Amino acid sequence: QAGVTGKVTSLLDASGIVYNEFLNIKPNPTTSNVQEGLMTAQIHNVDAIVAVGGGSVIDTAKAISIIMTNPEHGGVVSLEGAVETRNKGLPLFALPTTAGTAAEVTINYVITDEINVKKMVCVDVHDIPVCSIIDPDLMQDMPQQLAASTGMDALTHAMEGYTTKAA
């Protein structure tokens with residue numbers, strides 16, 4: 001809706017890179033979101049994923065990336081907790097459009113289990129994007145309230161990292 005995806009797809013078009021879009025990711029992505037995205041990735045036999053969006057988009061892309069190379073985790077819920085998958089996920093390129101989640105640089109992601117009605121925290125060293133591009137042009141049209149709240153989220157994470165006794 002913000003037109004951010006078009007900034008990226010126009011570059012892919014200009015470079016002659018073939019791609020397919022999956023745009024149906026909800027805030028607080030669900031196991032159904034992951035399954036739908038996985039089906040799209042399998043149908044088009046993708047060899048990489050470009051995630052353009054906030055934490056929900058990047059988290060969904062991480063789960064899809066992992067399942068594509070570790071099909072034994074196709075049920076999504078088996079990814080909850082610290083999972084030792086065998087294979088690195090598909091190459092994932094993360095282009096965040098918000099600040100604060102750090103989804104583009106962490107081994108964590110969160111997916112909502114709709115059946116058990118809970119958020120699953122998934123931790124996997126194989127899900128880290130191969131490249132994260134922090135482009136202010138992708139964030140410039142963000143609504144002011146969202147910019148402020150995600151900026152405060154980023155500041156809070158930084159303060160938390162600085163003050164924690166585990167640091």
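Two strands pair if DSSP finds at least two bridges between them; helices (H or I, at least four residues) and strands (E, at least two) are DSSP runs, numbered from the N terminus. The model is predicted, so local features need pLDDT of at least 70 and side-chain atom pairs count only at pLDDT 80 or more, whereas totals for chains, interfaces and linings use all residues. Residues are numbered from 1 along each chain as its sequence is written, and side-chain values use heavy atoms, with hydrogens and water left out.

**View 1. Strand 3 and its pairing partners.** Strand 1 (residues 49-53) runs parallel to strand 3 and is joined to it by 5 bridges. Within this pair, Ile49 has Leu92 as its bridge partner. Strand 6 (residues 131-132) is also parallel to strand 3, through 2 bridges; here Ala94 is partnered with Ser132.

**View 2. Thr31 in helix 2.** Thr31 lies in helix 2 (residues 31-43). Thr31 counts as buried because its relative accessibility is 12%. Beyond four places in sequence, its contacts (heavy atoms within 4.5 Å) include Val76, Ile111 and Met120.

**View 3. The nonpolar cores.** A nonpolar core is a set of buried Ala, Val, Leu, Ile, Met, Phe, Trp, Tyr and Cys residues joined through side-chain atoms within 4.5 Å. The largest has 21 residues, among which Val34 and Ile111 touch the most other members. Helix 3 gives the largest share of this core, 6 residues. A second, separate core of 6 residues includes Val8 and Leu95.

Note on methods: Buried means under 20% relative accessible area, exposed over 50%, partly exposed in between (1.4 Å probe, protein chains only).
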